[in-house]
Amino acid sequence: MDPRLFETVRRCRGDFEFFARTCLRIVDKSGTDVPFILNDAQKYIESRALDMLRRKGFVRFVVLKGRQQGISTWSQARAYHKTSLWPNQSAFVLSHHGDTSENIFAITENYHRKNQLAPVTGASNARELSFARLNSSYEVQTAGSKEVGRGGTRQFFHGSEVAFWENATGHFKASVNSIALLPNTWVILESTAHGVDGEFYRRWQNAVAGIGDYEAVFIPWVWQKEYRRDDLVGPDFALSTTSPVLGLDPDGDELTEAEYAQTFGCDNAQMAWRRQKVLDEGLDNFKQEYPATAEEAFQSANKGSFIPAKPVMMARKRRVETAGPLIMGVDPAGPDGDRFTIARRIGTKCLGIEYRKVGYVEAVEWMKAEIDKHKPAAVFIDGGGLGGPLIAFLREKGPKYDDLVQTVNFGGTSQAKMAHKTKAGP
């Protein structure tokens with residue numbers, strides 16, 4: 001092999017971004033054929049993947065994102081990078097719809113056709129590339145009512161729009177779970193939001209809570225440089241201070257345009273783009289298709305939420321300082337119920353929340369270990385249900401724990417509300 005060609009291949013193997021801009025081409029949103037240079041969203045997920053590879057040796061992502069942010073394009077490039085440069089590698093892509101499967105395969109086919117370092121292909125079927133000399137392959141299928149992808153050994157899996165899969169449980173059993181948890185294996189499960197139930201939502205919630213091998217990756221719409229309308233920002237352009245979009249009826253549970261811009265750091269051109277999208281598609285659909293936060297993505301399908309979305313989003317963006325003693329709060333749960341939760345805070349700033357599925361004995365030992373480690377000034381534990389006996393068991397561990405533990409009825413009225421009601425009268 002020519003020494004220069006050898007050096008290029010060597011660098012392509014070790015530097016994905018170099019490989020992408022040197023060997024791969026894409027058709028951008030204007031219809032122009034250009035080198036594949038990663039956008040901000042793609043750079044973020046690439047950095048997260050490299051970080052997880054360093055820490056754990058494999059990649060397992062649940063990705064929640066908006067429309068047309070390039071995550072599928074990045075995923076296909078990663079799959080092609082793996083199968084076109086290394087021997088004995090198999091990549092499998094499962095999409096929610098036949099047309100989407102065709103589009104996804106066309107992306108990789110375009111990579112291969114225009115790649116000057118492309119390996120020789122063997123006999124390939126529809127939506128499949130086979131690299132004969134490498135004994136590697138890339139395949140795209142559609143998640144229909146029947147399970148697909150069962151059997152075979154694969155090292156890379158990309159699930160596209162997982163929240164919209166038909167028979168999602170069956171497909172997870174047949175294909176996703178068949179990827180062995182071995183070094184340098186990849187599973188990318190990505191989707192826009194689609195309700196607060198199903199396999200994707202459950203796995204997203206687990207990833208956020210740190211349960212299992214998957215890590216949560218959220219991609220907000222505000223990172224897309226093309227999501228802006230400079231042409232609509234004139235001298236008379238102003239953000240509404242009473243409504244989520246100028247011209248819509250105000251809703252106390254929604255951020256106004258001015259609040260939204262301040263909360264998420266949007267300039268007027270971005271807000272003009274958002275305004276037009278909301279007018280075209282509706283507010284609920286915009287939040288699902290172009291979320292600024294993960295909570296907003298699922299908000300439109302979760303109208304029965306106990307806490308309105310507006311204060312949650314504003315609170316998450318607010319900067320708070322730590323002041324005062326360390327306090328721990330404990331929300332107990334049995335091994336067959338919700339997750340057992342321990343939270344730590346100083347003043348109004350939360351320092352960390354941990355969730356576990358634990359039995360009663362393990363729960364007491366875990367609470368004791370957390371107290372010994374963090375040395376809180378007080379520990380507030382929900383005394384309802386299972387909390388009562390757990391509090392008693394913890395206090396039996398010694399005077400230190402007995403002094404720290406305070407029983408609280410998490411479902412009761414707050415002391416602040418009670419004091420206000422007493423002062424105001426009946």
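Colleague: Which side chain makes a polar contact with the side chain of R60?
Modeller: In this predicted model, R60 is found in strand β3, residues 59–65. A polar atom of the R60 side chain lies 3.1 Å from the backbone oxygen of A180. The side-chain partner in a polar contact, at 3.0 Å, is T185.

Colleague: What is the nearest side chain of opposite charge to R60, and how far away is it?
Modeller: R60 is buried and has no salt bridge. A salt bridge needs a side-chain nitrogen of Lys or Arg within 4 Å of a carboxyl oxygen of Asp or Glu. Residues that R60 touches include D213, Y214 and E215. The nearest side chain of opposite charge is D213, at 6.2 Å.

Colleague: Is K56 buried, partly exposed or exposed?
Modeller: K56 forms a salt bridge with E215, with the closest N and O atoms 3.8 Å apart. That pair links distant parts of the chain, 159 residues apart, with K56 in helix α3. Buried means under 20% relative accessible area and exposed means over 50%. At 39%, K56 is partly exposed.

Colleague: How many residues apart are K277 and E281 in helix α9?
Modeller: K277 and E281 form a salt bridge, the closest N and O atoms being 3.4 Å apart. K277 is partly exposed at 22% relative accessible area, and E281 counts as partly exposed at 25%. They are separated by about one helical turn because their spacing in helix α9 is 4 residues.

Colleague: Which residue of β6 is the bridge partner of F131?
Modeller: Strand β5 (residues 128–131) has both faces covered, with L129 and F131 buried on one side and E128 and S130 buried on the other. β5 and strand β6 (residues 136–142) pair in the antiparallel sense over 4 bridges. They form a hairpin with 4 residues between them, and N135 in the turn has a positive phi of about 60°. The bridge partner of F131 is S136.

Colleague: How many residues of helix α4 are buried?
Modeller: Helix α4 spans residues 71–85 and reaches 21 Å from its first C-alpha to its last, close to the 21 Å expected. The helix is mostly covered, and the buried count is 15 of 15.

Notes
Residues numbered from 1 in each chain as written. Predicted model: local features only at pLDDT ≥ 70, side-chain atom pairs only at ≥ 80, totals over all residues. Heavy atoms only, no water. Helix = DSSP H or I, 4+ residues; strand = E, 2+ residues; numbered from the N terminus. Buried < 20%, exposed > 50% of the residue type's maximum accessible area, 1.4 Å probe, protein only. Lys, Arg positive; Asp, Glu negative; His and termini not counted. Polar contact = N/O pair within 3.5 Å; in protein donor to acceptor, adjacent residues only side chain to side chain. Contact = heavy atoms within 4.5 Å. Expected span 1.5 Å × (residues − 1). Pairing = 2+ DSSP bridges. Lists of a residue's contacts leave out its neighbours within four places in sequence.
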